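Please read the following report alongside the sequence and the coordinates.

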Number of protein chains: 4
Amino acid sequence: MAVRERIRILVTGGTFDKEYNEIHGRLFFKQSHVAEMLALGRSKLQVEIQTLMMIDSLEMTDQHRTSIVEACRKAREDRIVITHGTDTMETTARTLAAALKGKTVVLTGAMVPYKFGSSDGLFNLGSALAFVQTLAPGVYIAMNGRCFPANRVRKNRDAGIFEDESRS
Amino acid sequence: MAVRERIRILVTGGTFDKEYNEIHGRLFFKQSHVAEMLALGRSKLQVEIQTLMMIDSLEMTDQHRTSIVEACRKAREDRIVITHGTDTMETTARTLAAALKGKTVVLTGAMVPYKFGSSDGLFNLGSALAFVQTLAPGVYIAMNGRCFPANRVRKNRDAGIFEDESRS
Amino acid sequence: MAVRERIRILVTGGTFDKEYNEIHGRLFFKQSHVAEMLALGRSKLQVEIQTLMMIDSLEMTDQHRTSIVEACRKAREDRIVITHGTDTMETTARTLAAALKGKTVVLTGAMVPYKFGSSDGLFNLGSALAFVQTLAPGVYIAMNGRCFPANRVRKNRDAGIFEDESRS
Amino acid sequence: MAVRERIRILVTGGTFDKEYNEIHGRLFFKQSHVAEMLALGRSKLQVEIQTLMMIDSLEMTDQHRTSIVEACRKAREDRIVITHGTDTMETTARTLAAALKGKTVVLTGAMVPYKFGSSDGLFNLGSALAFVQTLAPGVYIAMNGRCFPANRVRKNRDAGIFEDESRS
């Protein structure tokens, strides 16, 4: 059964939140769509949305990851969803897994921007919020309807999907 | 961690799958959108989609519910998602809870048809598929980002949301 | 070349503006989407939007049609687009054609509500606004990319399209 | 009144037809969406769609423009719509105006790709097809609900809109 407690959503950017700038014809970040997506999903979860950064995950540095770890530690909530670009999601997941104890953290993202109609973002957000309510403490990636522990996942860049990968 | 086994999806209709008939200006059922929604969500889950009926849940009879119970029993899978109209979802959930043992069954639906743009359907399907992978055997309703045991939920018809309701 | 003068848009309802009431599961009217559609089309036309009524055109009475004629007469503009349900669009067009002189009036509508994603509404509005800028005074129906004089059109109800029909 | 004759649609690419490549996270061209858009608009016009090129209009060379002129000349139809990137649409329009006689040619495009939900493309296509049916021979740009002769238009790049510009 779902646990009825507040969930923190940390926004870091990624494809999820990219938009199309019609003046310059380029993709860019304006603001997060997470609140709009929760409204679309008629979510009645108690959530606290916190935007940490709005960047492409290819630009994410160690310093950025340190600030994500800090935000997870400082959060009053024990259940945290992080929206993140898919390109380096597994790196951030492993950094978090090594640094955090006692919290359930689920990273998710999208292959296509939420605003572009054909996005997987709403599906992924729904699944991430469900996984974060039910899984034991640990760090996970929720993509493609599945959920992977941080140390057993890799992005297959050719296929654009996440897969199991055992690590010793 | 998500269990890696096949999930059965039983389709019964509901708002989820309603479409607009442009010749007659009325809502109607054609075929289920579940496969299209899984493709949109880039789902890589192993699922078996089975359409049992395509009806408004206000028209669901005891006989219909018996056939849903039978379909759950006959299913090779121990994890089952049922798409269902919201109006009588709690009744079907209780019927299933009284009749089934040893399977994890999650009912979900939508307040707005998937095809109408402003639908919560994709969010709900994502969350239902996550809950069904992680919850212990039992019957649940996944709506509004939350998950309720069959005997502790009611639809608030004025607000159009699902709420906790303890039953003795 | 397009005439650069103000255009009046008279809103009467029709499928165009129908929405889905998620509490009751029925189609209904709330407010017109014409302004939102013009914004989506990045329209820079000078328009005046006036809502006369919000009804299904099957419910349109002689009195309603008289008020539409009056609104066209009183309008300062000589170019008028009317959004209208498709079921009786030809009747209103003929009423207007018999009663008005010296103005270019184009009726348009949609087979599917604008809010439902698969709507022809935006295409029709774009074409109606172009036809109204370029056609000589008279009353016309703009649907299916085409434009018909009021006395030479009928809706083919089986196919859901508008066709030429000569009247003697 | 609309002329009932076949219209040729020449596709050259532009924002109109851009898509999002979810593997590489970049915009790209696959194939034209014009046929899909006409179906959405329930168009019953007799059209012939011909793809000349699929390029960003910033990459359009004199040679490309010569091939567009040739395609207009060879077309059996006297009414032609050209889909085109907005950045150099006015240049192509002037090239066509200097080289063609006796045909009505309307260029149109979009500020946001058709596939991205918030696109003006369907509105523009509807208006371009209406203008091409009603205007006298000449070359025009149809954008923002308006229609400009080729020698009296410029794109305001800061605002992303087309404006009147008289040329001596």
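The model is predicted, so local features are given only at pLDDT of at least 70 and side-chain atom pairs only at pLDDT 80 or more, whereas totals for chains, interfaces and linings use all residues. Residues are numbered from 1 along each chain as its sequence is written, chains are lettered from A and ligands numbered from 1 in the order in which they are written, and side-chain values use heavy atoms, with hydrogens and water left out.

**Sheets of chains B and C**

Helices (H or I, at least four residues) and strands (E, at least two) are DSSP runs numbered from the N terminus, and two strands count as paired if DSSP finds at least two bridges between them. In chain B, six strands form an open sheet of mixed pairing in the order S4-S1-S5-S6-S7-S8. Its edges are strand S4 (47-55) and strand S8 (146-149) of chain B, each of which has a single partner strand, so one side of each is left without a neighbour in the sheet. From one strand to the next the twist averages 20°, where axes are lines fitted to C-alpha atoms, for helices over the stretch in contact, and angles run from 0 to 180 degrees between N-to-C directions. Helix H2 (residues 62-74) of chain B packs on this sheet, touching S1, S4 and strand S5 (79-83) of chain B, and its direction makes about 170° with that of S4(B); contact here means heavy atoms within 4.5 Å.

Chain C also has an open sheet of six strands with mixed pairing, in the order S4-S1-S5-S6-S7-S8. Helix H4 (residues 121-134) of chain C packs on the sheet, where it touches strand S1 (7-13), strand S5 (79-83), S6, S7 and S8 of chain C, at about 155° to the direction of S5(C).

| Strand pair | Sense | Bridges |
|---|---|---|
| S1 (residues 7-13) and S4, chain B | parallel | six |
| S6 (residues 104-108) and S7 (residues 138-143), chain C | parallel | four |
| S9 (residues 153-156) and S10 (residues 161-164), chain D | antiparallel | four |

Within these pairs, B:Gly13 stands opposite B:Ile55 in S4(B), C:Thr104 has C:Gly138 as its bridge partner in S7(C), and D:Val153 lies opposite D:Asp164 in S10(D). The hairpin of S9(D) and S10(D) has four residues between the strands, and in this hairpin D:Gly160 takes a positive phi near 70°.

**Relation of chains A and B**

The same surface serves both copies, since 97% of the contact residues of chain A recur in chain B.

**The second largest pocket**

The second largest pocket has a volume of about 330 Å³. On a 1 Å grid over the protein atoms alone, a pocket is an open set of points where a 1.4 Å probe fits, with protein on both sides within 12 Å along at least five of seven lines, and lining residues have an atom within 4 Å of a point. Grid points are joined across faces, edges and corners, and the volume is the space filled by probe spheres set on the points. Of its 21 lining residues, the closest to the centre are A:His24, A:Gly25, D:Asp56, D:Leu58 and D:Asp87. The lining divides into six nonpolar, seven polar and eight charged residues, with Ala, Val, Leu, Ile, Met, Phe, Trp, Tyr, Cys and Pro counted as nonpolar, Asp, Glu, Lys and Arg as charged, and the others, Gly among them, as polar.
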